Amino acid sequence: MSHSVKHPLFARFYARLAQHEDERGNADNRHELLAGLSGRVIEVGAGIGSNFAHYPPAVTEVIAVEPEPFLREKATENAAHAPVPVRVVDGLADALPAEDGSLDAAVASLVLCSVPDQAVALAELRRVIRPGGELRFYEHVVSNRESRRKFQRFMDATIWPRMAGGCHLTRDTRGEIEKAGFILQRSRRFQFPPGAVGLPHILGSARRP
Ligand SMILES: C[S@@+](CC[C@H](N)C(=O)[O-])C[C@H]1O[C@@H](n2cnc3c(N)ncnc32)[C@H](O)[C@@H]1O
């Protein structure tokens with residue numbers, strides 16, 4: 001069955017942007033995101049597979065879920081060169097193709113901004129991670145500065161989600177991860193790209209109780 005995320009223009013733009021951003025330092029963030037993982041992992045909204053090269057050898061399998069057809073095709077090509085076994089599949093964050101508690105970890109990288117409902121996606125991630133397993137996250141989030149927040153709210157209410165494949169700028173993803181019942185282990189906050197034009201990001205890990 002085919003799933004329903006189709007953003008042909010954004011997908012083509014994002015495929016180039018992701019490579020460009022990796023060259024500008026994002027590859028280091030991806031490396032930090034995945035360091036120390038082991039066992040079976042599910043990655044939701046894998047895009048072109050920019051994370052694949054950074055999975056450590058102790059990871060035995062990655063199920064990479066990507067609903068957008070163009071991005072999924074690129075991810076499938078990139079999976080062939082990954083250092084660990086990666087299976088790219090069609091699917092959505094709110095109905096993950098995995099059994100309850102069957103995975104050691106899940107990875108959400110620049111995707112919880114785009115899912116239609118964060119609470120539903122996080123409940124689904126919690127369902128598939130085993131007790132004691134980890135959610136690794138790397139996400140852009142709402143600004144701490146009121147003037148910036150106002151601008152972000154304006155963008156979210158107007159053109160941004162339509163331009164950027166359903167992305168939202170004003171999400172408090174760290175708060176939502178905790179509300180979903182995960183126990184925060186660590187979360188680093190920083191601007192990326194560095195400097196005034198960057199967006200606030202969080203990168204860290206939360207445990208499924
Ligand atoms: C900004 S891209 C990030 C891609 C990749 N994770 C990365 O780190 O570069 C957002 C991704 O989320 C995917 N996506 C959007 N809605 C989704 C949903 N409901 N379920 C799963 N993935 C979704 C998009 O197709 C896209 O690949």
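Student: How many residues surround the ligand?

Tutor: The structure is a predicted model. The closest are Tyr14, Arg30, Gly45, Glu66 and Ser109.

Student: What is the distance from an N or O atom in the side chain of serine 109 to an oxygen atom of the ligand?

Tutor: A polar contact requires a pair of N or O atoms within 3.5 Å. For arginine 30, a polar side-chain atom lies 2.8 Å from a ligand oxygen, and for glycine 47 a backbone N or O atom lies 3.4 Å from one. For the side chain of serine 109, the distance is 2.5 Å.

Student: How much of the area that the ligand exposes when taken alone does the protein bury?

Tutor: Taken alone, the ligand exposes 590 Å². Of that area, the protein buries 95%.

Student: Which element gives the most residues to the largest nonpolar core?

Tutor: This core has 27 residues, and Ile42, Leu122, Leu125, Leu135 and Phe182 touch the most other members. Elements giving two or more residues to the core include β1 (39-44), β5 (129-140) and α3 (118-128). The element that gives the most, with 4 residues, is α3.

How values were computed
Residues numbered from 1 in each chain as written. Predicted model: local features only at pLDDT ≥ 70, side-chain atom pairs only at ≥ 80, totals over all residues. Heavy atoms only, no water. Near = heavy atom within 4 Å. Polar contact = N/O pair within 3.5 Å; in protein donor to acceptor, adjacent residues only side chain to side chain. Areas by Shrake-Rupley, 256 points an atom, 1.4 Å probe, with all protein chains shown as cover. Core = buried A, V, L, I, M, F, W, Y, C linked by side-chain atoms within 4.5 Å. Buried < 20%, exposed > 50% of the residue type's maximum accessible area, 1.4 Å probe, protein only.
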